[in-house]
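User: I have a model to go through with you. Can we start with the fold and then do the interface?
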Amino acid sequence: MESAITEKRRMVDNIAISYTGIFDTEILSVLAKEIEGTLSPDDKVNKKVFKIFIELAQNIAFYSLERETNAEGNDTGVGTMIIRNYSDHYVFSTGNKTTMENIIPVMEKCDNINSMSREKLREYRRLQRNMPAGEKGGGNIGLIQVALTASNPLEYSLIKCPDGAYFYIVSVRIDKE
Amino acid sequence: MEDIHIEGVHEAYFTPTVNFEVATGNCEIAGESYLEETSKFYSKLLDWIRKYTTTIKGPLNFDFKLSYFNTSSSKCLVDILDLLKKYQNDGGKVTVNWYYDDSEEELEEVEDFILETGLEINKIPME
């Protein structure tokens, strides 16, 4: 029990950046600046985290079940982003509300991506890139990119919300070089 | 037919710098590409290349100097490379230089563009 509390406290203590709310253009640009400029002293690591952020944040903006209208009147997804800082790596996580129906194919994609070697993953990206623009499943190439950029597997979990929806969390580890 | 000159912008979205010159066939896409309407932005560039390769039919020297592009932009970059490959197959003179940020991942990305399009691309590490 005590170790579980210690573990939770450590997770809170290690938070470098966290945000919950609407994922509209303005907010994304503020978060992007934080990541690009101040996260780590290593620009290469910042760029990796930034690239991952852009792809996953756009997925929330487009696909989150929870939606709000921003000041400009645009309908945008609501979600959560957390970056945790450990001694030799960062953990980047995003979370958003979804339905079981919508998230099963996404989790299958994560499993599929995690099962591939780097070579296979690059081949898969080439294939996805040649799919017509605007096709459903556009988030697919984003997840492939995240796995390639991080060079680590995609970890996901699903929590049932009291209102019957599900909260989907995807996390990836980014090693400090 | 007119040149294209677009000044790069780094705000909420990132617009790349674009310089396409009719007289010389020298074309450059530089900076960062992360756009609100990616297809719309690139369709203008694709139209320019189509027009140049069917009416002017001169040489094309392409310099890609992108320090960042998101996955939506990468789809459009492949579309450009496909057009250049097609022009080359039809007898057009095409040179492509790709300046990449010096990392293994970005070098892989250029290599994948080569595999994907069959186009010869000179890989040059960015300063």
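User: How many helices and strands does chain A have?
Analyst: Chain A has 6 helices and 6 strands, taken as DSSP runs (helices H or I, at least four residues; strands E, at least two) numbered from the N terminus. This is a predicted model, where local features need pLDDT of at least 70, side-chain atom pairs count only at pLDDT 80 or more, and totals for chains, interfaces and linings use all residues. Residues are numbered from 1 along each chain as its sequence is written, chains are lettered from A and ligands numbered from 1 in the order written, and side-chain values use heavy atoms, without hydrogens and water.
User: In what order do the elements of chain A run?
Analyst: From the N terminus, α-β-α-α-β-β-β-α-α-α-β-β.
User: Switching to the interface, how many residues of chain B are in contact with chain A?
Analyst: On the chain B side 27 residues are in contact with 27 residues of chain A, contact being heavy atoms within 4.5 Å.
User: How many salt bridges across it?
Analyst: The rule finds 13 between chain B and chain A; it asks for a side-chain nitrogen of Lys or Arg within 4 Å of a carboxyl oxygen of Asp or Glu. One of the salt bridges joins B:Glu109 and A:Arg129, with the closest N and O atoms 3.3 Å apart.
User: Which elements of chain B supply at least two residues each to the side that touches chain A?
Analyst: β6 (60-69), α2 (71-89) and α3 (104-117) of chain B do. The largest share, 9 residues, comes from α3(B).
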